[in-house]
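Got a minute to go through some labels and the cut-offs behind them? Here's the model to look at.

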Amino acid sequence: MLYPTLNSLTKKVGNRYLLVNIVAKRAREIAEKAAEEGVKLPDKPVKLAVMEIYKSPDLPKTDKDAKNAGTEEKQG
């Protein structure tokens, strides 16, 4: 059995398509940061991103919210 389950992740995000986008973006960020710092990751970036999302208390519930969250980070 996979952990965390797809159902538990989609409940946090809203739908599986948004989940894929969020995981992919975060995994790229993790991989790029590790490459810049020359750090060897304990697991693959996708697994680390999934676990981060699973443990995160607040996530965007719609694609529009996810896009707005990205623009807020750039402005601040």
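Predicted model: local features only at pLDDT ≥ 70, side-chain atom pairs only at ≥ 80, totals over all residues.

Residues are numbered from 1 along each chain as its sequence is written, and side-chain values use heavy atoms, with hydrogens and water left out.

Q: Why is H1 called oblique to H3?
A: Helix H1 (residues 6-13) and helix H3 (residues 45-55) pack at about 60°. Roughly parallel means under 35 degrees, roughly antiparallel over 145, roughly perpendicular 65 to 115, and the rest is oblique, so H1 is oblique to H3.

Q: What makes the contact between H1 and H3?
A: Ser-8, Leu-9, Lys-12 and Val-13 of H1 meet Val-50, Ile-53 and Tyr-54 of H3, where contact means heavy atoms within 4.5 Å.

Q: How do you know that Arg-26 and Glu-29 form a salt bridge?
A: The rule wants a side-chain nitrogen of Lys or Arg within 4 Å of a carboxyl oxygen of Asp or Glu. For Arg-26 and Glu-29 the closest N and O atoms are 3.1 Å apart, so the pair counts.

Q: What makes Glu-52 and Arg-26 a salt bridge?
A: Their N to O distance is 2.5 Å, and that pair links helix H3 with helix H2, 26 residues apart.

Q: Why is Arg-26 called partly exposed?
A: Its relative accessible area is 27%. Buried is under 20%, exposed over 50%, and partly exposed in between (1.4 Å probe, protein chains only), so Arg-26 is partly exposed.

Methods
Axes fitted to C-alpha atoms, helices over the stretch in contact; angles between N-to-C directions. Helix = DSSP H or I, 4+ residues; strand = E, 2+ residues; numbered from the N terminus.
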